Amino acid sequence: MTPDPRRDAPARGTRTTLLLLVLAGVLALAGTTTLAALPARAEPGPPTVIGSPKPIVASNFADPAVERLGGGYVGFATGERAPRAWVRSRNGRWQRGGPALSRLPSWSRAGDIWAADVTRVRGWWLLYYSAPVKGLGPYGRCIGVARSRSALRGFTPVGDAPLVCPSYVKTPPAGDPLVPTDATLPRAGVIDPSVHQGSDGLVLLYKTDRIPSSIRLVQLDRTGTGVHPGAVSIELLRHDGVLENPVLVAQPEGWVLLLSEGDYTRCTYRTIWLRSPVLTDWSAPEYGVLLDRATTGLCGPGGADVAGNRIFLHGWTCHRIVRPCSSGFDWSKRTKQRAQRAMYAARLNWVDGLPRIGRWVRP
């Protein structure tokens with residue numbers, strides 16, 4: 001999810017931001033918490049005409065995490081040990097491969113990996129993922145990191161403990177145990193890891209699962225495989241509904257968050273943007289809709305990721321055809337309807353520091 005480095009220059013320097021995060025961690029330990037409330041529905045932005053999209057991976061490839069690989073791309077999806085796909089050129093045909101993770105981490109139990117993210121740090125490919133753990137019901141998860149020297153080889157989990165996991169879960173203590181524990185949030189674990197890599201460091205964003213939704217951020221160490229010594233995660237924003245899959249992009253005009261909003265099982269699931277001049281203050285952001293049913297014709301365009309000047313996302317298709325499911329899509333009948341989340345891609349433009357969808361990438 002590494003943004004285009006030519007654009008990775010926010011109004012405030014990355015070094016200043018990281019120092020602020022360390023300070024925020026100290027304040028969190030002292031009992032100070034920064035909260036931001038969002039409206040129930042984001043107001044739509046300017047009308048966007050983007051043509052007729054077709055999947056670039058027509059089979060199931062949900063929550064794509066995509067990074068540049070040579071002249072093409074490599075992507076990772078939700079599923080058993082993070083399914084993988086790649087393309088050798090920017091406009092070539094994508095090829096499906098086996099799972100990315102060589103094994104599940106020692107602290108997890110059996111189950112699918114959800115909504116991973118990928119980046120490169122110091123000669124390593126790093127895969128951040130949410131894996132199921134014991135004691136949180138059938139869906140509770142914590143976040144780990146795995147690494148590989150090649151994006152197309154097996155990724156090995158790093159360490160014997162999660163990178164992020166609530167302190168009430170029976171796993172080895174995580175690098176970020178969500179201190180202080182917030183009793184107003186569900187005890188459901190953490191999902192949707194997303195890394196932003198700037199010129200002076202790395203930060204990890206993630207979601208506390210279920211509702212109310214909260215998006216948190218923690219500074220990582222130089223290797224990207226551990227939490228920075230002394231850093232404590234902070235809450236960036238909270239919402240009564242579902243906000244998830246955070247992607248952070250730095251623009252000269254401010255920090256932009258891309259988020260999925262709503263119920264992923266419905267066609268109303270969509271991608272919104274928020275913008276704030278200060279990374280640690282989302283109390284009054286600008287906001288708008290980037291991708292929804294009305295502007296794209298897709299069923300539930302969400303799970304978005306950014307790689308260079310492209311945005312990758314999923315949408316529901318039914319009956320194993322390339323057309324989106326109808327507006328009345330019923331997730332409970334998804335097996336009968338042969339529904340799956342295909343992957344789409346489009347050009348991502350920036351106008352005055354705000355995201356705009358350009359032409360769709362055709363298979």
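The following dialogue works through how several features of this predicted model are named and judged.

Mentor: Residues are numbered from 1 along each chain as its sequence is written, and side-chain values use heavy atoms, with hydrogens and water left out. Since the model is predicted, local features need pLDDT of at least 70 and side-chain atom pairs count only at pLDDT 80 or more, while totals for chains, interfaces and linings use all residues.

Trainee: What makes up the secondary structure of the protein?

Mentor: The protein has two helices and 20 strands, where helices (H or I, at least four residues) and strands (E, at least two) are DSSP runs numbered from the N terminus. Of its 363 residues, 55% are buried, a term that stands for under 20% relative accessible area, with exposed set at over 50% and partly exposed in between (1.4 Å probe, protein chains only).

Trainee: Why is the link of Cys 142 and Cys 165 called a disulfide?

Mentor: A disulfide is a covalent bond between the sulfur atoms of two cysteines. The rule asks for a pair of cysteine sulfur atoms within 2.5 Å, and those of Cys 142 and Cys 165 are 2.1 Å apart, so the pair qualifies. Cys 142 belongs to strand β7 (residues 141-148) and Cys 165 to the loop between β8 (156-157) and β9 (190-198), so that the bond joins distant parts of the chain, 23 residues apart.

Trainee: How do you know whether Cys 142 and Cys 165 are buried or exposed?

Mentor: The relative accessible area of Cys 142 is 0%, so Cys 142 is buried, and Cys 165, at 2% relative accessibility, counts as buried as well.

Trainee: Which handedness does the disulfide of Cys 267 and Cys 299 have, and why?

Mentor: The torsion about the S-S bond of Cys 267 and Cys 299 is about -85 degrees, so this disulfide is left-handed. Cys 267 sits in the loop between β14 (254-261) and β15 (270-276), whereas Cys 299 is in strand β17 (residues 299-307), 32 residues apart in the chain. By contrast, the link of Cys 318 and Cys 325, with 100 degrees about the S-S bond, is right-handed.

Trainee: How many disulfides does the rule find, and what pattern do they follow?

Mentor: The count comes to three, and with bonded cysteines counted along the chain the pattern is 1-2, 3-4, 5-6.

Trainee: What makes Phe 76 and Phe 155 an aromatic pair, and why is the pair called edge-to-face?

Mentor: A pair of aromatic rings is described by the distance of the centres and the angle of the planes. Rings of Phe, Tyr and Trp (its six-membered ring) pair if their centres lie within 6.5 Å, and planes under 30 degrees apart count as stacked, over 60 as edge-to-face and the rest as tilted. A search of the whole structure finds eight aromatic pairs; one of them is Phe 76 with Phe 155, at 5.7 Å centre to centre and 85 degrees between the planes, so the name edge-to-face applies. Phe 76 lies in strand β2 (residues 72-76) and Phe 155 in the loop between β7 and β8, so the pair ties together parts 79 residues apart in sequence.

Trainee: How do you know that Arg 334 lies over the face of Trp 331?

Mentor: A charge sits over a ring if NZ of Lys or CZ of Arg is within 6 Å of the ring centre and within 35 degrees of the ring normal. Arg 334 lies over the face of Trp 331 at 3.7 Å from the ring centre, and Arg 187 lies over the face of Tyr 168 at 4.0 Å from the ring centre.
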